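Hi,

Here is the structure I said I would pass on.

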Amino acid sequence: MKTNAILKKVNQATLEQQHLIALILDAPQSFQEGLSETLSQIKKKKTTMPFLQAIVDVGVEVSKEVSISPELSKKNPLERIVEVLTTPEALSTLAPDDPLAAARLKGVMVKSQLLYEDGQPLTSEQVGSLLGITRQAVDKRRKKGQLLGITLGRRGYLYPVWQFDKGQVLSGFEQVLTELREYDPWTKLMFFKTGDIRLDGDTPLQRLGAGDVEQVVLAASCYGEQLAS
């Protein structure tokens, strides 16, 4: 939009609208950029408006009730959201009748940590490049239970980077996946990253990295028993 057209709109705005413009211009640059991106997304794809509106409404409502620490700015966006929304003040405001709300929110955080804590996960294309195969071949291996991929819906899959070592799949990884074939991808991911009593508290991933394939395969074959205990 040209400058003259913008100035005309501002001059024709109500006092309330002009006050809003002034607040936006006085806001930090990062907030202005975020707001601009939000409004651009709504203009490009109107179906995003209810979701983005809900995010804004929740953020405003919670900020009235919760004392937010300056240390929060050092954390990533998901950690900031979960930490604030799981405070007693936020939960009593947003979900007073839902005793499991905090657990579900923290579950989202746990999943994010499991997937990202050892490095940025790889896309199907990146895995193909790493292994020297096509994206279609990567998908085929995942479907056959030879690779661990986490679905992103229409955006494809992400592959935890730790299942690869020196341009190859980690030794013994496929054997372990075979024992876990009945479980969903998130449960498989949790198995590799959680200490196991059959491995003296070590994680299966640690033991695989040390070459202890046989013990990890055994632990995987008994994994259902540990989940039930």
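Let me start with Thr-48: it is buried, because its relative accessible area is 18% and the cut-off for buried is under 20%. Thr-48 sits in the loop between α3 (29-44) and α4 (49-65). If you skip its neighbours within four places in sequence, the contacts of Thr-48 are Gln-41 and Ile-42.

Bear in mind that this is a predicted model. The mean pLDDT for the protein is 86, and 97% of the residues reach at least 70. Helix α8 (residues 124-131) has the highest confidence, at a mean of 96, while helix α14 (residues 223-228) has the lowest, at 62.

Now for the packing. In soluble globular proteins, nonpolar side chains tend to be buried together. The largest nonpolar core here has 31 residues, and those touching the most other members are Val-127, Phe-164, Phe-173, Val-176, Phe-191, Phe-192 and Leu-208. Who supplies this core? At least two residues each come from α7 (101-116), α8, β3 (157-159), α10 (173-179), α11 (185-193), α12 (204-209) and α13 (213-221). The biggest contributor is α13, with five residues.

Cheers

Conventions
Residues numbered from 1 in each chain as written. Predicted model: local features only at pLDDT ≥ 70, side-chain atom pairs only at ≥ 80, totals over all residues. Heavy atoms only, no water. pLDDT = per-residue confidence, 0-100. Helix = DSSP H or I, 4+ residues; strand = E, 2+ residues; numbered from the N terminus. Buried < 20%, exposed > 50% of the residue type's maximum accessible area, 1.4 Å probe, protein only. Contact = heavy atoms within 4.5 Å. Core = buried A, V, L, I, M, F, W, Y, C linked by side-chain atoms within 4.5 Å.
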